[in-house]
Amino acid sequence: SRMKVKCIFLFIVCLAYTSLSFASNWDEILKLINNGNETKAIARINRYIQKYPSDPELIFLRGATLDHFGKTREAKEDFLILSNKYPKDPIIKNNLGVLYAKLGEYRKARVFFELALKLKTDYKEAKNNLSLIQKQDRVYLTSK
């Protein structure tokens with residue numbers, strides 16, 4: 001049975017933070033994503049990353065976009081970069097947990113959900129995700 005881990009890859013999350021100089025380009029990128037135009041969307045985001053290499057929202061957006069198109073491993077790499085850069089951000093930790101869960105690496109997923117909850121004790125998504133992982137663990141342990 002596939003785990004339904006709650007993912008908070010909302011492209012809106014990115015919008016809230018990003019430099020206004022970039023805002024006019026969001027619509028164009030979101031349109032590409034919504035139309036399923038993966039190659040163009042990623043290429044466009046990469047071009048902006050070259051232009052604004054220190055903008056974390058762009059890395060976040062690329063990671064979320066990669067995940068959206070089923071490239072979970074690559075998405076995980078982007079979120080690991082963000083996690084190292086922003087170790088106190090619970091959203092990044094939760095998203096890493098989601099990505100590890102999608103890859104079937106439940107032990108690592110659990111670690112990241114626990115880290116997210118350490119940083120933000122009332123983090124509902126991380127709490128739900130952790131309990132899903134624990135259920136999965138029980139299923140795994142009893143089936144051995």
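**Close-up views of a predicted all-residue chain model**

View 1. The chain as a whole has a mean pLDDT of 82, with 78% of its residues at 70 or more. This is a predicted model, in which local features need pLDDT of at least 70 and side-chain atom pairs count only at pLDDT 80 or more, whereas totals for chains, interfaces and linings use all residues. Residues are numbered from 1 along each chain as its sequence is written, and side-chain values use heavy atoms, with hydrogens and water left out.

**View 2. The chain and its helices.** The secondary structure comes to nine helices and zero strands, where helices (H or I, at least four residues) and strands (E, at least two) are DSSP runs numbered from the N terminus. Of the 144 residues, 45% count as buried; buried means under 20% relative accessible area, exposed over 50%, and partly exposed in between, with a 1.4 Å probe and protein chains only.

View 3. In α3, which spans residues 26-34, the buried residues are Trp26, Ile29, Leu30, Leu32 and Ile33. Seen down the axis of α3, these buried residues fall within an arc of 155 degrees, so they line one face of the helix, the arc being that of the directions from the helix axis to the C-beta atoms. Asp27, Lys31 and Asn34 are exposed on the face turned away from the buried side of α3. After α3 comes glycine 36, with a positive phi near 75 degrees.

**View 4. Lysine 40 in helix α4.** Lysine 40 belongs to α4 (residues 38-51) and is partly exposed, with a relative accessible area of 48%. Its C-alpha atom is separated by 8.6 Å from that of isoleucine 29, which lies 11 residues apart from lysine 40 along the chain.

**View 5. The packing of helices α6 and α7.** Helix α6 (residues 72-85) packs with helix α7 (residues 90-102) at an angle of about 155 degrees, their axes lying 9 Å apart; axes are lines fitted to C-alpha atoms, for helices over the stretch in contact, and angles run from 0 to 180 degrees between N-to-C directions. The two helices are therefore roughly antiparallel, a term for angles over 145 degrees. Among the residues that meet are Phe79 and Leu82 in α6 and Leu96 and Leu99 in α7.

Notes. pLDDT = per-residue confidence, 0-100. Parallel < 35°, antiparallel > 145°, perpendicular 65-115°, else oblique. Contact = heavy atoms within 4.5 Å.
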